Amino acid sequence: MILALLIVLLMVGGILAWVAGRFNANFSRWIALLTTLASFLLTISLWLNNPTTTVKATNWMMRYEVPWVPQWGVSFSLALDGLSLLMLLLTFFLGLLAILVSWREIKTKVGFFHFNILWVLAGISGVFLTMDLFLFYFFWEVMLIPMYFLIGIWGHANRMYAAYKFFIFTQASGLLMLLSILGLYFIHGANTGTYTFNYFDLLGTTFPPNIGPWLMAGFLMAFLVKLPVVPFHSWLPDAHSEAPTAGSVILAGLLLKTGAYGLLRFVIPLFPDAAQSFAPWAMLLGVVGILYGAILAFSQTDLKRLIAYTSVSHMGFVILGVFSFNEWAFQGVVMQMITHGISTGALFIMAGFLYERLHTRDIRQMGGFWPAIPKMGVFALVFAMASLGLPGLGNFIAEFLTLVGSWQANNLLTIFATIGLVAATVYSLRILQKVFLGKNKTEHPLTDFSFREVLIALPLVLAILWLGLYPQPVLDRAKPSVDEQLEAYKKPTIKPETPAQVTMQTLPADTVSLLNTKGGIHALK
Amino acid sequence: MRLSDLYFLMPLLILVGAATLNMLVVAVKRNHKIIFGITIVAHLVAVFTLLQLNGSSYQIPPFFVMDGWGIFNLGLILLTSLFVTLLSYAYFEQREERKEEYYLLLILATLGACVLVISQHFMALFLGLEVLSVALYSLIAYLRTRERSDEAGIKYLILAALSSAFLLFGMALVYAVTGTMSFPEIGVYLKSVTELPLLLLTGFGLMIVGIGFKLGIVPFHMWAPDVYEGAPAPVTAFIATVSKGGMMGLLIRFFSQADAYRYANLMLIFTIIAIASMLAGNLLALRQHNIKRLLAYSSIAHLGYILVAFLAGNRLGVEAVSFYLVAYFITSMGAFGVVALLSDTERDADQLEDYRGLFWRRPATAAIFTAMLLSLAGIPLTAGFVGKFYILASGVNTQQWLLVLMLVLNSVIGLYYYIKVIAAMFAQTEATTERRKVLHPALSFASGATMAILALLMVWIGVYPTSLVQLIRGLLATFMTTF
């Protein structure tokens, strides 16, 4: 019940904010802020009420299920486990910041803006909570339309193009996922006689030969486009750079994570066989993404575009980890989802603050800002260090765990992925160098951080530090869910009574052989 | 003809009565309000009598059959026509032409469509078709002083007459081979032959021309954009919904009663038509700057989508067609309703420019139009999404992967031009707020209320489709036994 309440709260808050915006812009800002704060506190109370230490029969903390379209076997089914809880916390944390950064930035149609923000958050929370595939698709699409408006109405100069591209890319891939969902539905129905979209029932569906990979491909399309993985990433730089700051924060911090979440929650457990045979290619795509994103990030002159390409690079680690099929890597992926959300969100907020002061995103026109705005410089330094994976900050834990996990699955690709860390150092330091060091080219008077801006940046720094120094609570929280996603991969090892490690090590055998082909190596060069 | 037949034909008889009554009232005194009132009441009574028939399955040999499918379609047609009437009042009140005959013609066209969906005989089919078509000729050219109105009327007249000729010739050929004009008996004949005689196949082919014209599917779609553009907005809404829906109802009845789903070559023809309609409709819509033309091409594509479900040829397919028709009717009426609402006395609001910045001038109207366009695009929370989902489900169920993938591809193409209109509405403009129309407050309230009802219906079906699915399944129970 409390889960449905979370989503309803956001939706109702959104409508209220819209209506209130007709009277006074500040009303709608406060309504949006308080609604999101309420959701955030509610999620924290869920965290506190469900300690990780107690051993329970199931890792699902709560489930809520009411029939929705019983004729089709669709139910309004929500469930919460550690993974969902972490994602929800991230959602509301970034949601709060998104509303705070827009406080001064958004001056037109304030009511409608906050309506869109809250509905995006509602859609994202729905995606993280739902355990019914029909409902999942429903929320998946619901979060797009407000996002489209956020980019299309309040974005920068080229916003219409970016909004179109974003919408069409995600819609097209989403429809392919819908086809796969339907395929899964009918195959499961034909096998068992019960037609249902329920995730728990659909787990363990057996497929006729050659059907599984196709169905998985549909899901993959949606998630890989959203993530994004390299051949499908072209919507991302446009959408991120044209969106208003709040839009960029939500896009980078949350929408990309829905793709990663989808891989973990749906692709891995639903299609164990197909996923294993696709794994080498997926990992290759991940490594290509890491390097390609890093190289392109280095060559950008538009600050927001640069940050957008770092997302492409960082998300490469996610797919690399997901297709390593072991606990280390999965924990790394979960950490990466959270830390990337925070650090990239923070960088976009920094870019937004700079844009407010300079009205440009072009880093060629920046430089030498440190003496003028030292506070901002310090914060930016922390976020850039986080982005390059400095030990002690959250991203290091994430990337380290991912690489340890993927090493067990594929040595060669992991080596290439590690190069990505070096590249990350290069582009992150370039941001600092171009913006804060060097010679100041503008005579533009710069004001340092205001109290509101410090209030926004400080929690981000604290969160990154906390995740870097004491990530254990997050790892504990994610562990049961991670184990459950991996269950399908452990089963075969139980039967022949060999240690679990063996299957993990048999994977690289075929992965390596596949990667020795010319095409694989070629693509990296 | 038995006396009890009258009871089952009551909805149609009421329409006939209302048409006659309207004619007499016009002869005595012309008054827009009275005629409008009679038309509304007639529709309501017809719907009421139809409700009494729920659950029955009754043969009126040789022409008609009143089963679940017929009742479903009758209800859909009558309610749609009711909404079109509601939208028409404010629209025609602003125009200087004589308004009263419009309602007369509208009732006749509705009657024709009603006859179409309950017929099970070529004669009844042709009778219904011609009543519908003849009424439409004059409806399309009703505002005859407007430019393009005549062009649209004449174009429709010539092409409809031509297609009727094709249809008649096709029927004659079928009759020549089978010796019967009743659908079930044709079905009996078809069961007795192992292979379709060439003459019969030719007959079916010619009939497809006639049917395809009314449905406005490729390659018989040429009339659609011009007629949509030239006709008054409420009439366009009528053509897009009732006229096409009636023909779809007939097509499904014919195919299921004659059991024509068995023939691969017939199915192949329809597969090609479906794919061509989807592609041509969506691709041509991309370049339109006229909203009515854009909606015309989009409706060509939507009929293609419906054919995907039709081609499934099973229970799920017919359910999907029914559901999609409901969703599509509500959405189309909503969209054309907005066009009618925004039209001024000079012309219809059919240019994309008319919609630029609409959201900041008239937020409620723009919100409704946005919702309708999103529904046409098949985005969740709207009826169009559930409809599209239903169609995809029926396609996946029968493993028609080509059709299903084409549908997905086309949805994406379609998305582009729907967003184009939405983006125009949300664009920032410097233009100050102007209310172009000065109408009686009650009048604008009535139009607004009609639009609000349509929007609520659409969202309700989109969010909670259970009750509609239940209704359709219940009604189809009597139809599907004959399947």
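Which residue forms a salt bridge with A:K165, and how far apart are the closest N and O atoms?

Analyst: Happy to! First, a word on the model and its labels. This is a predicted model, where local features need pLDDT of at least 70 and side-chain atom pairs count only at pLDDT 80 or more, while totals for chains, interfaces and linings use all residues; side-chain values use heavy atoms, leaving out hydrogens and water. Residues are numbered from 1 along each chain as its sequence is written, and chains are lettered from A and ligands numbered from 1 in the order in which they are written.

Now your pair. The partner of A:K165 is A:D238, and their closest N and O atoms are 2.8 Å apart. The two belong to distant parts of the chain: A:K165 lies in helix α7 of chain A and A:D238 in helix α10 of chain A, 73 residues apart. A salt bridge means a side-chain nitrogen of Lys or Arg within 4 Å of a carboxyl oxygen of Asp or Glu. Helices (H or I, at least four residues) and strands (E, at least two) are DSSP runs, numbered from the N terminus.

Are these two residues buried or exposed? A:K165 has a relative accessible area of 18% and A:D238 has 10%. Both therefore count as buried, a word that means under 20% relative accessible area, with exposed being over 50% and partly exposed in between (1.4 Å probe, protein chains only).

A:D238 has another partner to meet. A:R305 forms a salt bridge with A:D238, with the closest N and O atoms 3.2 Å apart.

Chain A is divided into domain 1 (1-51 + 59-270) and domain 2 (286-489), with bounds that come from an automatic or database domain assignment. Taken over C-alpha atoms, the domain centres are 22 Å apart. The contact (heavy atoms within 4.5 Å) takes 52 residues from domain 1 of chain A and 49 from domain 2 of chain A. Between them the domains bury about 4200 Å², and carbon and sulfur atoms give 73% of that. Buried area is the accessible area (1.4 Å probe) that two parts lose on being put together, summed over both.

The count between these two domains is two salt bridges. The rule also finds 11 residue pairs in polar contact there, both residues at pLDDT 80 or more. A polar contact is a pair of N or O atoms within 3.5 Å; within protein, one must be able to donate a hydrogen and the other to accept it, and residues adjacent in sequence count only if both atoms are side-chain atoms. On the side of domain 1 of chain A that touches domain 2 of chain A, α3 (82-105), α9 (211-226), α10 (235-242) and α11 (245-270) of chain A each supply at least two residues. By class, this side has 35 nonpolar, 10 polar and seven charged residues. Nonpolar covers Ala, Val, Leu, Ile, Met, Phe, Trp, Tyr, Cys and Pro; charged covers Asp, Glu, Lys and Arg; the others, Gly among them, count as polar.

In all, 34 residues of chain A are in contact with 38 residues of chain B. The two chains bury about 3300 Å² between them, 82% of it on carbon and sulfur atoms. A:Q71, A:W72 and A:L179 supply 19% of the area that chain A buries against chain B, more than any other three residues. Across this interface the rule finds zero salt bridges, but four residue pairs in polar contact. Elements giving two or more residues to chain A's side are β1 (62-69), α4 (110-129), α5 (133-142), α6 (144-154) and α7 (159-192) of chain A. Of these, α7(A) gives the most, with 14 residues. Chain A's side has 27 nonpolar, three polar and four charged residues.

For comparison, look at a pair in chain B. B:R315 and B:E319 meet in a salt bridge (3.5 Å, N to O). They are separated by about one helical turn, because they sit four residues apart in helix α14 of chain B. B:R315 is partly exposed at 38% relative accessible area, whereas B:E319 is buried at 3%.

Stepping back, the structure holds 26 salt bridges over all chains, and the pair of A:K165 and A:D238 that you asked about is a salt bridge too.
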